[in-house]
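Here is a set of questions on one protein chain.

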Amino acid sequence: DVRQVVIVFLCMIVGYTISMHAQQLTRMSSFYTIGSILLGLYAIVFYTGSFSFEGDRTLITGKNQIGGMVAVGGAIATYFYLTTENKKGMNLALALLAFFVSAILRDRSAFVAFLFFAIVLSFKQFPFYKVFLVLIAMLLFYLFFKSMIDNFFINSLIGRGDIDIEDLSTGRSARNEMGIQYFLSHFWEGELQYSANIPWIHNYLLLRLVRYGVWSVFFILIYLLFVVKIIKEYFKYKELHFDKMGFFIPIVPFFISLLEPSFPFGPGTVQVFVYVLFGHVLQQDHYQLQDDQ
């Protein structure tokens with residue numbers, strides 16, 4: 001757990017110290033987006049033999065890591081689409097392609113995180129009446145193609161036609177309940193003294209509370225510092241700005257952390273570019289503050 005936080009800190013240092021102008025940042029981010037989508041496509045075809053819902057997703061090695069990278073790539077494309085006038089068509093196409101690749105991968109956490117990111121930032125960028133009109137259009141579209149859309153999301157989230165909360169969460173809710181009970185009864189020491197013998201808990205904060213009890217405060221404070229910073233930046237401006245992208249891309253891994261054990265600070269291969277972007281936007285904020293003074 002400490003190693004994950006150290007890796008994140010080092011990535012932020014890299015982002016803070018490198019000098020990139022807007023065009024270089026765009027090229028690097030676009031390269032990451034295209035690369036992550038191609039990785040997702042390759043993984044699906046290589047491990048399952050076809051690009052469809054029919055394949056067994058459990059055969060894909062590192063599915064959750066790949067899904068997280070695809071969701072981050074899609075979030076970058078979505079942010080570019082919302083904040084820049086150049087290559088809007090290309091960015092929209094990449095965002096939609098990332099959406100479909102994420103759905104076919106059936107990494108539920110990343111898929112829902114990507115949707116959450118797109119919706120939250122769309123509400124920030126557009127006037128309310130435009131969002132309302134889009135919602136009306138989407139509702140009409142849904143009514144006309146209800147069966148097709150329902151099948152798509154059912155296949156994306158659970159892979160078959162019946163919905164059960166335990167199946168949808170792949171046992172996460174039961175593990176979370178056991179984790180909460182264990183933490184309440186082992187508040188001071190967590191698992192530092194005795195193993196809880198609970199299957200791996202898929203929630204970052206709860207897993208650390210179970211592992212270390214009250215001594216998990218170190219990880220919780222770092223987690224909350226990021227969350228507070230992201231929320232503060234979200235409400236700081238009336239609309240999104242291209243050069244603030246690094247503050248908002250972490251929304252994806254932090255949302256996933258509610259449903260996965262390693263996010264938002266691990267695995268390192270998934271998070272490295274996210275925190276390089278975060279470090280770079282901190283650098284830009286620092287220079288902007290100096291200029292204002």
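Q: Where is P264 placed?
A: This is a predicted model. The helices to look at are α13, residues 251-256, and α14, residues 268-292. P264 lies in the loop between α13 and α14.

Q: Which residue does a cis peptide bond join to P264, and what is omega?
A: The bond joins P264 to F263. Its geometry is cis. The partner is F263, and omega is about 10 degrees.

Q: What is omega for the peptide bond from G266 to P267, and where is P267 found?
A: The bond from G266 to P267 is cis. Its omega is near -10 degrees. P267 is found in the loop between α13 and α14.

Q: How many helices and how many strands are in the protein?
A: Read along the sequence, the pattern is α-α-α-α-α-α-α-α-α-α-α-α-α-α. The count is 14 helices and zero strands.

Q: What share of the residues counts as buried?
A: The protein has 293 residues. Buried means under 20% relative accessible area. By that cut-off the share is 45%.

Q: What share of the contacts with a separation of 6 or more comes from residues 24 or more positions apart?
A: Take the contacts in the protein with a separation of 6 or more. Then keep those between residues 24 or more positions apart. They account for 71%.

Q: Why is α3 described as largely enclosed by the rest of the structure?
A: α3 covers residues 63-83. It has 21 residues and reaches 30 Å from its first C-alpha to its last, close to the 30 Å expected. α3 is largely enclosed because the number of its 21 residues that are buried is 18.

Q: Is K87 buried or exposed?
A: K87 sits in the loop between α3 and α4. Its phi is near 55 degrees, a positive value in a residue other than glycine. The relative accessible area of K87 is 60%. Exposed means over 50%, so K87 is exposed.

Q: What is the C-alpha to C-alpha distance between N197 and Y182?
A: N197 is in the loop between α9 (172-185) and α10 (204-212). Phi of N197 is near 55 degrees, a positive value in a residue other than glycine. N197 is exposed, with a relative accessible area of 69%. N197 and Y182 are 15 residues apart in sequence, and their distance is 9.9 Å.

Q: Which helix gives the largest share of the nonpolar patch?
A: The patch lies on the surface, and its residues include F128, F132, I136 and M148. Together the patch residues have about 1,400 Å² of accessible area. Ten residues make up the largest share, and they come from helix α6.

Q: Why does I136 count as partly exposed?
A: I136 is found in helix α6 and belongs to the nonpolar patch. Buried means under 20% and exposed over 50%, with partly exposed in between. I136 counts as partly exposed because its relative accessibility is 36%.

Conventions
Residues are numbered from 1 along each chain as its sequence is written. This is a predicted model: local features need pLDDT of at least 70, side-chain atom pairs count only at pLDDT 80 or more; totals for chains, interfaces and linings use all residues. Side-chain values use heavy atoms; hydrogens and water are left out. Patches are made of residues with over 30% relative accessible area and no salt bridge: like charges are joined within 9 Å, nonpolar side chains (Val, Leu, Ile, Met, Phe, Trp, Tyr) within 5 Å. Accessible areas come from the Shrake-Rupley method with a 1.4 Å probe; for residues, only the protein chains shown count as cover. A salt bridge is a side-chain nitrogen of Lys or Arg within 4 Å of a carboxyl oxygen of Asp or Glu. Helices (H or I, at least four residues) and strands (E, at least two) are DSSP runs, numbered from the N terminus. Buried means under 20% relative accessible area, exposed over 50%, partly exposed in between (1.4 Å probe, protein chains only). Contact means heavy atoms within 4.5 Å. The expected span of a helix is 1.5 Å times one less than its number of residues.
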